[in-house]
There are 2 protein chains.
Amino acid sequence: MDIQDLVRSLHEKSDSKIVLLVADGLGGLPIEPGGPTELEAARTPNLDNLAKTGVLGSTIPIKLGITPGSGPGHLGLFGYDPLKYVIGRGVLEATGIGFHVGPNDVAIRCNFVTLGPDGTIKDRRAGRIPTAESGPLAVKLRQVKLPGVELFVEPVQEHRFCVIFRGDGLGGHVADTDPQKTGVPPLDPVATEPGSQRTAQLAKEFIAQAEKILAGQPKANGITMRGFSTKPALPTYQEVYGLRAAAIAVYPMYKGLARLVGMEIVGQPKSLSEEIDVLQQAWKDYDFFFVHFKYTDSRGEDGNFAEKVKMIEQFDSIVPRVEALKPTVLIVTGDHSTPAALASHSWHPVPVLLSAATCRPDACQAFGETEALRGGLGQFEAIYLMPLALAHAGRLAKFGA
Amino acid sequence: MDIQDLVRSLHEKSDSKIVLLVADGLGGLPIEPGGPTELEAARTPNLDNLAKTGVLGSTIPIKLGITPGSGPGHLGLFGYDPLKYVIGRGVLEATGIGFHVGPNDVAIRCNFVTLGPDGTIKDRRAGRIPTAESGPLAVKLRQVKLPGVELFVEPVQEHRFCVIFRGDGLGGHVADTDPQKTGVPPLDPVATEPGSQRTAQLAKEFIAQAEKILAGQPKANGITMRGFSTKPALPTYQEVYGLRAAAIAVYPMYKGLARLVGMEIVGQPKSLSEEIDVLQQAWKDYDFFFVHFKYTDSRGEDGNFAEKVKMIEQFDSIVPRVEALKPTVLIVTGDHSTPAALASHSWHPVPVLLSAATCRPDACQAFGETEALRGGLGQFEAIYLMPLALAHAGRLAKFGA
């Protein structure tokens, strides 16, 4: 029995409300010896006030030392063991562009490639063909006809696009056709388990027809297919936690990840401020609200310490509007660290703040990584955040008599 | 999927270098109320400087409350779950005397015993016969001839020696012949699974011939056999981490443990200073260096607080020579605690120091057990040390997209 099985057997009804405010890539690093992290450098009076009355800690998104991608990072935050529930690359790519991957779908990441006259790959990314050129080409591939399945071809960016086969009994276990080098032809799509042979045949047919359609293109005259995958069988928030859950996000990727665990996507906010408008409007209709803020991660990925600090300050500024709704439990954290110093996701623990009337307070006076080291929540794996939230929300029965 | 499986799927190439400096039995206890531990009492300016810029924590070698022997302690440090990979007693004994246990070997710990005229055991340790007498007797047992296997008989110490059968298809599942009491005869060697019946027969034959050879000896006129075991199937550092790993140690036991996980044993140092000479010489040829210092444990086992403090100071003094090599990641820790106050290994967490450019610093100002309690690494199981090292060395890809 893992923690999620346990919670599933213990959750009970309540009128309480839980808000999970996620600043993507929140955790950081100093850019000079002895200096503050982005969160410590930012002026965050509202979060600091919450830290004084609430309780701090640090989450390990996956396991110590492991850097999470957005998929596993969010699954962990949502309380789903990211090593048990693996989201395939194709499904994640489709999710990221807002495609609703269904239970009968196989999603595939595709590249346009440049093939030589001998059929070998000259460029695995078709010269990084601009999106303005590749998008219409992807749409043109919708002309492909495959027997007995519905086909979706979706542009992504530059040389990348996405293909979805929709039909009964399609397995997702097909090997990549990208040989990972040039000078050789693309590989054939080969099923790695019997239940995926039809998918492999469909892929082969798709490639053949695609090459006819692309014939004569100067750069994008071939394709490779990778990350064949089906929608993971994730239990829903309703099943596991008994929660009517709402997701409020600007970016398709995070809406998609929330949808995979059965959250409802509410509103179509275009900014953090609009996200909080949506939160206010949806307040009566749900028990749990996941609110996602992207730009802390974006500026971290840019390697821009000062701008990440500004994004954290912007994030801090909306906290009073959330508090005004009087959530029973308010959690503020990130899905992973994205230190500007590394300009990438990292494995470092993520500061977390939990505010509820039932907190046992600690001595923390501000929200930050160093302060969190003496926080009452200690250091723990992110999958335990949801059980903690439910407990503070009065939504978990006693285990055993 | 455990953490080692995960790391195995994520490791990638880099030019970075990792040094794992192990002071055996490093963790300690105060010898007076309110006093310092050995590490805290020692003058360690170099380690304290590293602690200021690096990050501290405490490792749990196995699980809370469990005192590790040298085998499990090192396996954990090396990132191998010591509850999954069990090194048999016979293999550990053979390893400890520098015998290279191979894939076709069964290693057995043996005792000389004193048998009465009725064949019952009078003394289970043959009066703790001195090594000067038992060694030649063990060598004499090399006269035993067994059909179809190669035989090794190796002296160890006092009443202890080691037997290795080398041949195809020998199982290691044979029950001990030591009845654990006197006044009864030794037990027969009995296979506890079908694949080990030939081993049991060979053991029976060995015992019969040995008793003939030993007949008339005043003390050591019989033997018992214990800890039958084969080499554990441990994946190598190259397989799991993609690391070319070197082990630098004075004592055979630690070289042997390192060899079991595929490290290469480099040099033949006789002292800590010579170990660092070897480290310098081997620097270009490996990615990872395990450097083992024995005497912190030895003086702890002696119950000598003051001498353990001196050994820690000696250990501290070589740190600048290691730093001068500019390792990407430098880790300093122990495989377990050996408090002089207990004069034995113990279950207490072990202080660990990790120094790398990618550390998120904590407030720690010196290397010690109490200071480590507020360290940024927190308290964690030792098997996570290697994933952390690889992450800081830029050798782990992101998990998921």
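How many of the nine residues of helix α9 (residues 252-260) of chain A are buried? Seven of them are buried, and this helix is mostly covered; buried means under 20% relative accessible area, exposed over 50% and partly exposed in between, with a 1.4 Å probe and protein chains only. The structure is a predicted model, in which local features need pLDDT of at least 70, side-chain atom pairs count only at pLDDT 80 or more, and totals for chains, interfaces and linings use all residues. Residues are numbered from 1 along each chain as its sequence is written, chains are lettered from A and ligands numbered from 1 in the order in which they are written, and side-chain values use heavy atoms, with hydrogens and water left out.

**Confidence**

- The model scores ipTM 0.90 and pTM 0.91.
- Chain A has a mean pLDDT of 96, and 100% of its residues reach 70 or more; pLDDT is the predictor's confidence in each residue, from 0 to 100.

**Contact between the chains**

- Between them, chain B and chain A bury about 2,200 Å², of which 67% is on carbon and sulfur atoms. Buried area is the accessible area (1.4 Å probe) that two parts lose on being put together, summed over both.
- B:R360, B:F399 and B:A401 supply 35% of the area that chain B buries against chain A, more than any other three residues.
- Chain B gives 26 residues to the contact and chain A gives 29 residues, where contact means heavy atoms within 4.5 Å.

**Buried helices**

- In α9 of chain A, the buried residues are A:M253, A:Y254, A:K255, A:G256, A:L257, A:A258 and A:L260. Helices (H or I, at least four residues) and strands (E, at least two) are DSSP runs, numbered from the N terminus.
- These buried residues pack against α4 (70-77), α5 (89-96), β8 (245-248), β9 (264-265) and β10 (288-293) of chain A.
- A:G262, which follows α9 of chain A, has a positive phi near 85°.
- Helix α6 (residues 131-140) of chain B has B:S134, B:G135, B:L137 and B:A138 buried. They pack against β3 (105-115), β5 (150-157), β6 (160-166) and α7 (197-214) of chain B.

**Helix pairs in chain B**

- The axes of α5 (residues 89-96) and α9 (residues 252-260) of chain B come within 7 Å and cross at roughly 120°. Axes are lines fitted to C-alpha atoms, for helices over the stretch in contact, and angles run from 0 to 180 degrees between N-to-C directions.
- The two helices α5(B) and α9(B) are therefore oblique to each other: angles under 35 degrees count as roughly parallel, over 145 as roughly antiparallel, 65 to 115 as roughly perpendicular and the rest as oblique.
- Their contact joins B:L92, B:T95 and B:G96 of α5(B) to B:P252, B:M253, B:G256 and B:L257 of α9(B).
- The axes of α3 (residues 45-53) and α12 (residues 305-317) of chain B come within 7 Å and cross at roughly 65°. Here B:P45, B:N46 and B:L47 of α3(B) meet B:F315, B:D316 and B:S317 of α12(B).

**Loop residues in chain B**

- B:R128 lies in the loop between β4 (121-123) and α6 of chain B. Its phi is positive, about 45°, although B:R128 is not a glycine, and at 47% relative accessibility B:R128 counts as partly exposed.
- B:D178 is in the loop between β6 and α7 of chain B and, at 5% relative accessibility, counts as buried.
- Leaving aside neighbours within four places in sequence, B:D178 is in contact with B:R124, B:L187, B:T224, B:M225 and B:R226.
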